[in-house]
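Please keep the structure open while you go through them.

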Amino acid sequence: FGPENLRLVLLHEVQQTAQASLLSWLDHPSIEVKEAISSMIFSITARRLISYDSSRSDGKLWKQFDAFLQGLLAFPLYVPGTAFYKCMQGRKNVMKILQEMLNERKKETHRESVDFIDLLINDMKEKNTIMNEKIALDLLFLLLFAGFETTSSGITAALKFLADDPKALQELIEEHNNIRKRRIDPDSEITWEEYKSMKFTSHVIHEALRLANIAPLMFRKAIEEVHIKGYTLPKGSKIMVNPSSIHLDPTVYKDPTVFNPWRWKLVAPQRSSWPLEAGYDYVLVPTLLSYKWPSSCIA
Ligand code: HEM
């Protein structure tokens, strides 16, 4: 998932999968956008992380994840029929599938490519490692979850904002059409240079993520006393960072509730912490008196 991998592998895979998904949507009179996008993104992340081929398994693993998500914020009543019960069953079933995959993989003697399961198995074989099967399965679960739910919510939000804003949609289409016009074969695969040239597309992504606030909270613990703008956080403080307090602050963003991708034209380029973007640090640079919080999102 690093920038190099994005350039060499992911860009191609995302294009292939997106094209195949869009084509398959044509067979349906209507689609439920969030569900369809989640399934599409899951097939990309699951293939990358655990070499899982969603098309061969009829979305079995994704459906269990979806069940888990449906009840994630439900009242914790563990009784059959409740959303919470379905959520816990979903997690149990995902863990069962992941355990089976891990067991199978341990038996394999030779593999061409290396994925995240291989790395975890190697880690477990190390001397003095803290890695064990339970931690490995939890990590697999976390990575699959963190990778697909965020991205699919972001794309769904962007589609909704664009559907409500014909001017932004038009400018986005023009940017893409201009790239196609410059090609010898308009249907050839997207290149890295083309991807990097999509300035307006990146403004749309920034703006959708700002407005949608996909990750509502982040947590930190002060491992030493911290001083920020005249405030002192004592060692051991537990900190809840709320990105929307900055994203929707009118003193930071003019008319903060308005979808306005053009506002990002004025932002000076910074180091990027997210690869699907062309050069700004926009992944929820949060809060607490404008302190710049380093994000630990691996993407
Ligand atoms: C729109 C897309 C995404 C958004 C908005 C997003 C947002 C976030 C946020 C806010 C955090 C917490 C960061 C922190 O506490 O500093 C996080 C953590 C994380 N994200 Fe993402 N993320 C996205 C995509 C992804 C993808 C594609 C992956 C992996 C395939 C991923 C994997 C992770 C992991 C593993 C963590 C936990 C890191 C840790 O605790 O050390 N995320 N993400």
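1. Helices here are DSSP runs of H or I with at least four residues, strands are runs of E with at least two, and both are numbered from the N terminus.

2. Please bear in mind that this is a predicted model, in which local features need pLDDT of at least 70 and side-chain atom pairs count only at pLDDT 80 or more, while totals for chains, interfaces and linings use all residues. Residues are numbered from 1 along each chain as its sequence is written.

3. How closely do the axes of H7 and H9 approach, and at what angle do they cross? The axes of H7 (residues 166–182) and H9 come within 8 Å and cross at roughly 140°, where axes are lines fitted to C-alpha atoms, for helices over the stretch in contact, and angles run from 0 to 180 degrees between N-to-C directions. H7 and H9 are therefore oblique to each other, since angles under 35 degrees count as roughly parallel, over 145 as roughly antiparallel, 65 to 115 as roughly perpendicular and the rest as oblique.

4. In this pair, Ala168, Glu171, Leu172 and Glu175 of H7 meet Phe200, Thr201 and Val204 of H9, a contact being two residues whose C-beta atoms, placed from the backbone, lie within 7 Å. Sorted by class, the contact of H7 with H9 has four nonpolar, one polar and two charged residues; Ala, Val, Leu, Ile, Met, Phe, Trp, Tyr, Cys and Pro count as nonpolar, Asp, Glu, Lys and Arg as charged, and the others, Gly among them, as polar.

5. For H5 and H6, the axes come within 10 Å and cross at roughly 155°, which makes H5 roughly antiparallel to H6. The crossing of H5 with H6 is right-handed. Phe116, Leu120 and Met124 in H5 meet Ala136, Leu139, Leu140 and Leu143 in H6, and this contact has seven nonpolar, no polar and no charged residues.

6. Taken as a whole, the protein has 10 helices and four strands, and 20% of its 299 residues count as buried. A residue is buried if 20 or more other C-beta atoms lie within 10 Å of its own, exposed if 12 or fewer, and partly exposed in between, with C-beta atoms placed from the backbone.

7. The largest nonpolar core has 33 residues, and those with the most contacts inside it are Phe65, Ala158 and Ala208; such a core is a set of buried Ala, Val, Leu, Ile, Met, Phe, Trp, Tyr and Cys residues joined through C-beta atoms within 7 Å. The largest share of this core, eight residues, comes from H6. Leaving out residues up to four places away in sequence, Phe65 touches Phe42, Gly90, Val94, Leu144 and Phe145.

8. Two residues can be checked individually. Isoleucine 31, in the loop between helix H1 (3–25) and H2, is partly exposed because 14 other C-beta atoms lie within 10 Å. Valine 226, in strand S2 (residues 226–228), counts as partly exposed because it has 16 C-beta neighbours inside 10 Å.

Notes: A crossing is left-handed if the near helix is turned anticlockwise from the far one by less than a right angle, and right-handed if clockwise.
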